[in-house]
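Subject: Structure for you to look at

Hi,

Here is the model I promised to pass on. Have a look at it first, and then read my notes below with the viewer open.

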Amino acid sequence: MPTYELSLILRQMGRPELVATLKRTATAIFDKGGIIRKLENLGTKALPFKTSAHGIVHRNGSYFVFKFDTPPSAIDDLDEEYGRDVDIVRKRIYRADFSQQEDIACTLHEELLPPAYRKDVQKMIATAERSKTKKVFKYNTGLDYYPFQK
């Protein structure tokens, strides 16, 4: 089963209602044969702009991210079900492609070198050397002076 991310913005509500909404959201994933890997609470914040959902204007919302595995056939059903939920202001389901994550190697030995010997610093110096050459305006007018005011 592929891994998906569900980003939710829930309307501003009390803690018991919030828990009930999250349980309802999680139960929908479980009912479709999914497995929840992670649930992140990103906090309650002001929305970037006022948003209308289900006939109500929202200015604040609680942000959550679910990471879950489910069959691809269940995504449309989940999207439809979350679209009908009046407590969900915005929802978006993304396919999380973790297979293309690059391996991060430890570079502590390079970081402990003096700056002049580090590869990234040498690359920055080389870039600065290339940009030092100032481009000169070429006069292709046939005049021996610049006809416009400098």
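Let's start with the overall picture. Of the contacts in the chain with a separation of 6 or more, 71% are accounted for by residues 24 or more positions apart; contact here means heavy atoms within 4.5 Å. Buried residues make up 27% of the 150 residues in the chain. For that I used relative accessible area with a 1.4 Å probe and protein chains only: buried is under 20%, exposed is over 50%, and partly exposed is in between.

Before you go on, note that this is a predicted model: local features need pLDDT of at least 70, side-chain atom pairs count only at pLDDT 80 or more, and totals for chains, interfaces and linings use all residues. Residues are numbered from 1 along each chain as its sequence is written, and side-chain values use heavy atoms, with hydrogens and water left out.

The chain has four helices and four strands, and along the sequence they follow the pattern β-α-β-β-α-β-α-α. These are DSSP runs numbered from the N terminus: helices are H or I with at least four residues, strands are E with at least two.

**The sheet**

The four strands form an open sheet in the order β2-β3-β1-β4, with antiparallel pairing. Its edge strands are β2 and β4 (88-95), each of which pairs on one side only. On average, neighbouring strands of this sheet are turned by 15° against each other, direction ignored. Axes are lines fitted to C-alpha atoms (for helices, over the stretch in contact), and angles run from 0 to 180 degrees between N-to-C directions. Two strands count as paired if DSSP finds at least two bridges between them.

I'd look at β3 (residues 56-69) next. 10 of its 14 residues are buried, so the strand is largely enclosed by the rest of the structure. Strand β1 (residues 3-11) runs antiparallel to β3 and is joined to it by nine bridges; S7, for one, has V65 in β3 as its bridge partner. Strand β2 (residues 35-53) is also antiparallel to β3, with 13 bridges joining the two.

If you want to trace that pairing by eye, G43 has Y63 in β3 as its bridge partner, A46 has N60, and T51 has H58. The hairpin of β2 and β3 has two residues between the strands, and H54 takes a positive phi near 55° there.

**The helices on it**

Helix α1 (residues 15-31) packs on the sheet and touches β1, β2, β3 and β4. The direction of α1 makes about 40° with that of β3.

Leaving aside residues up to four places away in sequence, T25 touches L6, L8, F66, Y82 and I88.

Helix α2 (residues 75-84) lies across β1, β3 and β4, and runs at about 165° to β4. Which residues of α2 are buried? They are I75, L78 and Y82. Seen down the axis of α2, these buried residues fall within an arc of 60°, so they line one face of the helix; the arc is that of the directions from the helix axis to the C-beta atoms. They pack against β1, α1, β3 and β4. On the other side of α2, D76 and R84 are exposed.

A74 is in the loop between β3 and α2. At 6% relative accessibility, A74 counts as buried. A74 and G34 are 40 residues apart in sequence, and their C-alpha atoms are 8.5 Å apart in space.

Cheers
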